[in-house]
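Please walk through this model with me, beginning with the order of its elements and moving on to the contacts between side chains.

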Amino acid sequence: MFEATTPHRFGATTSKDALTEVLQAGARQLLAAALEVEVTKYIDELRHVVDEHGRRLVVRNGYAVEREVHTGIGPVAVRQPRVNDRRAAESGERLRFTSNILPPYLRRTKTIDELIPWLYLKGISTGDFSEALAALVGPDAPGLSPTSIVRLKQVWEQEFKEWNQRSLG
């Protein structure tokens with residue numbers, strides 16, 4: 001079930017141990033099961049919605065392409081179930097299923113997003129973020145280039161400015 005890991009090499013940026021692999025596999029299985037339950041519930045709630053020929057308008061439609069979500073225990077691969085929802089809103093726009101567990105385009109969990117400002121506050125330079133995050137969450141920390149960190153810093157500064165000028169009344 002689990003692949004053997006290679007021993008830690010001196011100088012490597014990360015090492016994988018058996019416990020981390022078990023946690024990641026468990027997280028992957030738990031996430032897959034939760035997504036299946038969410039999709040099944042959504043489809044079951046709309047099973048009565050049919051077209052003029054009696055065909056259901058909301059049906060299961062395979063899986064989306066596998067993607068990795070970076071978490072505090074490292075990357076977790078996930079294949080999200082897809083839903084073919086052929087219903088339309090009054091405006092004519094198609095209605096779509098959106099997972100509450102795994103929103104579209106999510107690549108990092110909130111805990112990773114909260115880690116980034118702490119690293120910055122602790123004095124990690126924007127150029128060193130990739131290396132620091134690779135040591136914490138794995139070698140592939142996507143979307144966390146120095147340019148991304150600078151953009152995030154600008155957002156934090158704006159949020160701080162708004163927070164600092166809020167009404168205390």
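**From fold to contacts**

Read from the N terminus, the elements of the protein follow the order α-β-β-β-β-α-α-α, which amounts to 4 helices and 4 strands; helices (H or I, at least four residues) and strands (E, at least two) are DSSP runs, numbered from the N terminus. The model is a predicted one, in which local features need pLDDT of at least 70 and side-chain atom pairs count only at pLDDT 80 or more, whereas totals for chains, interfaces and linings use all residues. Residues are numbered from 1 along each chain as its sequence is written, and side-chain values use heavy atoms, with hydrogens and water left out.

Of the 169 residues in the protein, 27% are buried, where buried means under 20% relative accessible area, exposed over 50%, and partly exposed in between (1.4 Å probe, protein chains only).

Strand S1 (residues 58-63) pairs with S4 in the antiparallel sense, over 4 bridges, and strands are said to pair if DSSP finds at least two bridges between them. Within this pairing, Val58 stands opposite Asp85 of S4. In a regular strand the side chains alternate between the two faces of the sheet.

How many salt bridges does a search of the whole structure find? The search gives 4 salt bridges, and another of them joins the side chains of Glu36 and Arg60 at 3.0 Å, N to O. This pair links distant parts of the chain, since Glu36 belongs to helix H1 and Arg60 to strand S1, 24 residues apart. Glu36 is partly exposed, at a relative accessible area of 23%, and Arg60 is likewise partly exposed, at 33%. Arg60 has a further contact: Arg60 lies over the face of Tyr63, at 4.8 Å from the ring centre, a charge being counted over a ring if NZ of Lys or CZ of Arg is within 6 Å of the ring centre and within 35 degrees of the ring normal.

Glu157 counts as partly exposed at 43% relative accessibility, and Lys153 counts as partly exposed at 26%.

The aromatic side chains come next. A pair of aromatic rings is described by the distance of the centres and the angle of the planes. Rings of Phe, Tyr and Trp (its six-membered ring) pair if their centres lie within 6.5 Å, and planes under 30 degrees apart count as stacked, over 60 as edge-to-face and the rest as tilted. By this rule the count comes to 2 aromatic pairs. Tyr42 and Phe97 form a tilted pair, 4.8 Å centre to centre and with 55° between the planes. Tyr42 lies in helix H1 (residues 18-45) and Phe97 in the loop between S4 and helix H2 (110-121), so the pair ties together parts that are 55 residues apart in sequence. Both Tyr42 and Phe97 are buried, Tyr42 with a relative accessible area of 17%. Tyr42 is also 8.7 Å from Val58, C-alpha to C-alpha, the two being 16 residues apart in sequence.

Helix H1 also holds Ala32, which counts as partly exposed at 34% relative accessibility. The C-alpha atoms of Ala32 and Pro81 are separated by 8.5 Å, although the residues are 49 apart along the chain.

One backbone detail remains. Most residues other than glycine have a negative phi, and most peptide bonds are trans. Tyr105, by contrast, has a positive phi near 70° in a residue other than glycine. Tyr105 is placed in the loop between S4 and H2 and is exposed, with a relative accessible area of 73%.
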